[in-house]
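I opened the notebook on a new model today.

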Amino acid sequence: PEPATPQTPVTFPSAFLWGAATSAYQIEGAVREDGRTPSIWDTFSHTPGKTAGGETGDLAVDHYHRYRDDVALMADLGLNAYRFSVSWSRVQPTGRGPAVQRGLDFYRKLVDELLAKGIKPAVTLYHWDLPQELEDAGGWPARDTALRFAEYAAIVGEALGDRVEQWITLNEPWCSAFLGYASGVHAPGRTDPAASLRAAHHLNLAHGLGAVALRSVMPARNSVALSLNTSVVRPLSQQPADLVAARKIDDLSGGIFHGPILHGAYPEHLFEATASVTDWSFVQDGDLTAIRQPLDALGLNYYTPTLVSAADADSRAPRSDGHGDSSHSPWPAAEDVAFHQTPGERTEMGWTVDPTGLHELIMRYTREVPGLPLYITENGAAYDDKPDSDGRVHDPERVNYLHGHLSAVRRALADGADVRGYYLWSLMDNFEWAYGYDKRFGSVYVDYVTLERTPKSSALWYGRAAKTGTLPSVEPAE
Ligand code: PNW
């Protein structure tokens, strides 16, 4: 962990984006309004036993009706960027066919509100909420879903491309493919390793076709990117078997996406490593060319590093590894890998706080694609926040987390990385997927009875950083 004191001023470039991030299903609510129909997350959260306490995004934090206040709050805090996602089911309820104008109008109003307050919008097209009808037709393991995504991308690009410059096709395709189709802790809750690898390929294809579709309808000045959550994988030792285990998890978390997207090829060892699960015959001629589209930027999401070793015979049981409770592993064909807890302080998710991993991740992609602008599109922590008797919410642990990770970004800049901005996850407390409302990632506290928003001390701290371009000092955590 970073020492909280003594501190020298940590200053950022003047054009740096200081943002916060959210996603549609986690904050909007209004799931049956204005023509929206169910996504896989509506179905999943309404299936008994799938989320903590059976919680759903039906109301979430009611952002659909409170977006003006939420934008005003961001402006008051001093943020100059906001990353949100579009609900596919609002725009194209069945995942096909003509767009619903009322759905598009919501996002247009949101964007206009942001622009009026000097906040730069970044739109994520897909943050895990596939229209249920497309899942019923096969979901991401079916090739057609990638083609449907490209049509949807063109619809949203056409509607918002004149006023939104920053576009992200997919958020964390790793989670969509492997938590959705292998471990089943996320929607649609399938536990089929072969299907999860098909899903990964079709998500890659969706990204490539989506990037082309966006560019065909948008001004050339706009930027097209995607957000990856490549694990920062560390081997437990330098023994060859542990290094092989680390490479396998690196391939399955990062290379399986950035290989084809950035370099036009899957990692050398991936086919062999997963041969027990699939023959990869779903990769068609021309797919790798279609997937490798020039990127204007890359989004990196980072929370914690991953520590692995070769599994000995008795550590081969499937485990959840902080990826939720499941007897099914999210890592296909990786029974020979054991996962370990990184030592150190942990957040409410049980994720170890380690800012050096963020520096490592940034430098890795700086080497992987020299010259590609990078954004930290998510970084943050869940803590058990509670209002004081005076109604204020003090979260010194989160301030410390943000200070440590933003300092790591600053060190990467000094080391030559081209990081253009940082989006804190998350603007406000919200529906944390399978964990429901239990895990609070917000810098703004949400009272789940009144839905009242209260900036935590971390939001005020981060706002000062945004306004001044310099990290304020950190009070030692009590
Ligand atoms: C990301 N894992 O989710 C998402 O993009 C957010 O929607 C989410 O709220 C946030 O991080 C916090 O969880 C992840 O198991 C969920 O490795 C799970 C994992 C990683 C990211």
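Is Glu165 buried, partly exposed or exposed? I looked it up: Glu165 is partly exposed because its relative accessible area is 37%. The scale I use calls a residue buried under 20% relative accessible area, exposed over 50% and partly exposed in between, with a 1.4 Å probe and protein chains only.

**Ground rules.** This is a predicted model, where local features need pLDDT of at least 70, side-chain atom pairs count only at pLDDT 80 or more, and totals for chains, interfaces and linings use all residues. Residues are numbered from 1 along each chain as its sequence is written, and side-chain values use heavy atoms, with hydrogens and water left out.

**Salt bridges.** I count a salt bridge when a side-chain nitrogen of Lys or Arg lies within 4 Å of a carboxyl oxygen of Asp or Glu. The structure holds 30 of them.

Glu165 pairs with Lys120, with the closest N and O atoms 3.4 Å apart. This pair links distant parts of the chain: Lys120 is in strand E3 (residues 120-126), Glu165 in the loop between H7 and strand E4 (166-171), 45 residues apart. Helices (H or I, at least four residues) and strands (E, at least two) are DSSP runs, numbered from the N terminus. Lys120 counts as partly exposed because its relative accessibility is 29%.

Next I checked Arg96 and Asp144. Their side chains meet in a salt bridge at 3.5 Å, N to O. Arg96 sits in the loop between helix H4 (88-91) and helix H5 (101-116) and Asp144 in helix H7 (residues 144-160), so the bridge ties together parts 48 residues apart in sequence. Arg96 is at 34% relative accessibility, so it counts as partly exposed. Asp144 is at 32% and therefore also counts as partly exposed.

Arg32 lies in the loop between helix H1 (24-27) and helix H2 (40-45), Asp58 in the loop between H2 and helix H3 (63-77), 26 residues apart. Arg32 counts as exposed because its relative accessibility is 65%. Asp58 has 22%, so it counts as partly exposed.

**Annotated site.** The unreviewed entry lists Glu378 for "active site". UniProt positions are given in the numbering used here, feature names are shortened, and annotations may be inferred rather than shown by experiment. Glu378 lies in strand E10 (residues 374-379). Its relative accessibility is 4%, so Glu378 counts as buried. I listed its contacts (heavy atoms within 4.5 Å), not counting residues up to four places away in sequence; among them are Arg83, His127, Glu172, Tyr303 and Trp425.

Asp287 is found in helix H12 (residues 287-291). Asp287 is buried because its relative accessible area is 2%. Beyond four places in sequence, Asp287 touches Arg143, His201, Leu205 and Phe282.

**Cavities.** I ran a 1 Å grid over the protein atoms alone: a cavity is a set of points where a 1.4 Å probe fits but cannot get out, a pocket is an open set with protein on both sides within 12 Å along at least five of seven lines, and lining residues have an atom within 4 Å of a point. Points are joined across faces, edges and corners, and a volume is the space filled by probe spheres set on them. The search of the whole structure finds six cavities of 30 Å³ or more.

The largest cavity has a volume of about 80 Å³. Its lining includes Ala122, Ile168, Ser223, Tyr375 and Tyr423. By class, that lining has seven nonpolar, four polar and no charged residues. My classes: Ala, Val, Leu, Ile, Met, Phe, Trp, Tyr, Cys and Pro are nonpolar, Asp, Glu, Lys and Arg charged, and the others, Gly among them, polar.

The second largest cavity holds about 60 Å³. H8 (173-181) gives the most to its lining, with four residues. That lining divides into nine nonpolar, three polar and no charged residues.

**A pocket.** The second largest pocket holds about 320 Å³ of space. Of its 17 lining residues, His394, Val399, Ser457, Trp461 and Glu475 lie nearest its centre. The lining has seven nonpolar, four polar and six charged residues.
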